[in-house]
Amino acid sequence: MLNALIVDDEAPARSELRFLLEETGRVDTIREALNAREAVESLVKSKEGTDQRIDVIFLDISMPKTSGMQLAEALHKLKNPPAVVFVTAYSEYALEAFNVDAVDYLMKPVETDRLNRALDKVEAIVKPAPASHPTQERIPVEKGGRKVLVPVDQIRYIEAKDDYSCIYTDGDRFLSTISLAKLEQKLTPHGFFRVHRGYIVNLDHVEDVEVISSGILQLGIKGVEEKKIPVSRRRVVPLKRALGL
């Protein structure tokens with residue numbers, strides 16, 4: 001799932017793009033900025049770790065003071081800049097946009113199919129490469145007052161519990177002080193998927209997918225008979241894609 005920032009001085013335009021991004025089911029967090037200054041503030045928070053990293057900026061060109069093109073030029077000079085997708089009503093800036101390595105250039109009003117193609121390009125750039133030896137990755141947890149290192153391939157699913165993350169293996173449960181967001185970043189390359197605000201599952205251990213009502217899904221996990229894992233509506237489409245359904 002991508003983390004996005006919409007930069008546009010017009011509220012209706014931001015709302016429309018937010019709606020379209022949420023409908024794709026491919027974006028986890030969406031932040032908004034009215035201008036370049038607010039966009040930079042969001043990027044700084046992302047870089048400092050107070051917010052999740054911003055993967056892609058959907059950037060309007062025509063804005064007061066600092067234009068979207070000027071902001072993109074500044075971002076272009078960073079070591080690890082987010083992907084930039086221009087969203088504008090002006091076609092004449094397309095060539096200039098690609099001179100600053102923009103991933104795509106969308107014309108308003110944005111169409112869903114065109115937005116999905118842009119997201120394909122973004123994912124190809126920012127998607128982390130699979131780890132060479134995923135089963136060697138281990139997660140530090142608390143058990144009986146001591147630290148235990150749990151291999152990731154033994155983890156069935158993880159549930160958020162207040163300020164902790166509860167990690168379930170086959171027949172055991174551990175507490176971790178690592179947040180669900182950080183565990184998601186760490187485990188996604190190892191075949192884990194965040195299906196809900198409060199749950200991450202190991203896709204290798206998903207045994208069945210059940211539709212319970214109005215298209216709402218819940219997952220059965222191997223070795224876990226007493227609990228079904230809920231899937232939020234916005235994650236249904238990407239989950240089906242990940243499971244090959």
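Predicted model: local features only at pLDDT ≥ 70, side-chain atom pairs only at ≥ 80, totals over all residues.
Let me start with helix 5 (residues 112–126), which lies across strand 1, strand 2, strand 3, strand 4 and strand 5 and runs at about 160° to strand 5. Angles of this kind run from 0 to 180 degrees between N-to-C directions, with axes fitted as lines to C-alpha atoms, for helices over the stretch in contact, and contact here means heavy atoms within 4.5 Å. Helices (H or I, at least four residues) and strands (E, at least two) are DSSP runs numbered from the N terminus.

Residues are numbered from 1 along each chain as its sequence is written, and side-chain values use heavy atoms, with hydrogens and water left out.

Five strands form an open sheet with parallel pairing, in the order 2-1-3-4-5, where two strands count as paired if DSSP finds at least two bridges between them. Strand 2 (27–33) and strand 5 stand at the edges with a single partner strand each, so one side of each is left without a neighbour in the sheet. On average, and with direction ignored, neighbouring strands of this sheet are turned by 20° against each other.

Strand 1 (residues 2–7) pairs with strand 3 in the parallel sense over four bridges, and the bridge partner of Ala4 in strand 3 is Val56. On the side of strand 4, the pairing with strand 3 is again parallel, over four bridges; there Val56 stands opposite Ala83. Between these two strands the chain passes through helix 3 (residues 68–76), and this β-α-β crossover is right-handed, meaning that, with the strands pointing away from the viewer, the path from the first strand over the helix to the second runs clockwise. A further bridge partner is Val85 in strand 4, which belongs to Phe58. Helix 3 packs on the sheet, touching strand 3 and strand 4, and its direction makes about 175° with that of strand 4.

Which way do the side chains of strand 3 (residues 56–59) point? Val56 and Phe58 point one way, Ile57 and Leu59 the other, and all are buried, where buried means under 20% relative accessible area, exposed over 50% and partly exposed in between, for a 1.4 Å probe and protein chains only. In a regular strand the side chains alternate between the two faces of the sheet.

Turning to the aromatic rings, I count rings of Phe, Tyr and Trp (its six-membered ring) as paired if their centres lie within 6.5 Å, calling planes under 30 degrees apart stacked, those over 60 edge-to-face and the rest tilted. By this rule there are three aromatic pairs. Phe86 and Tyr105 form a tilted one, at 6.2 Å centre to centre with 50° between the planes. Since Phe86 lies in strand 4 (residues 83–88) and Tyr105 in strand 5 (residues 104–107), the pair ties together parts that are 19 residues apart in sequence. Both of these residues, Phe86 and Tyr105, are buried. Tyr157 and Tyr168, by contrast, form a stacked pair, 4.4 Å centre to centre and with 10° between the planes. Tyr157 lies in strand 8 and Tyr168 in strand 9 (residues 164–169), so this pair ties together parts 11 residues apart in sequence. Tyr157 and Tyr168 are buried as well, and ring pairs link Tyr157, Tyr168 and Tyr199 into a cluster.

Strand 8 (residues 155–161) also holds Ile155, which is buried, with a relative accessible area of 0%. Leaving aside neighbours within four places in sequence, the contacts of Ile155 include Ile139, Val150, Tyr168 and Phe192.

Finally, helix 7 (residues 236–243) has Val236, Pro238 and Leu239 buried. Seen down the axis of helix 7, its buried residues fall within an arc of 165°, so they line one face of the helix; the arc is that of the directions from the helix axis to the C-beta atoms. Their cover includes strand 11 (192–196), strand 14 (216–221) and strand 15 (224–231). After helix 7 comes Gly244, with a positive phi near 75°.
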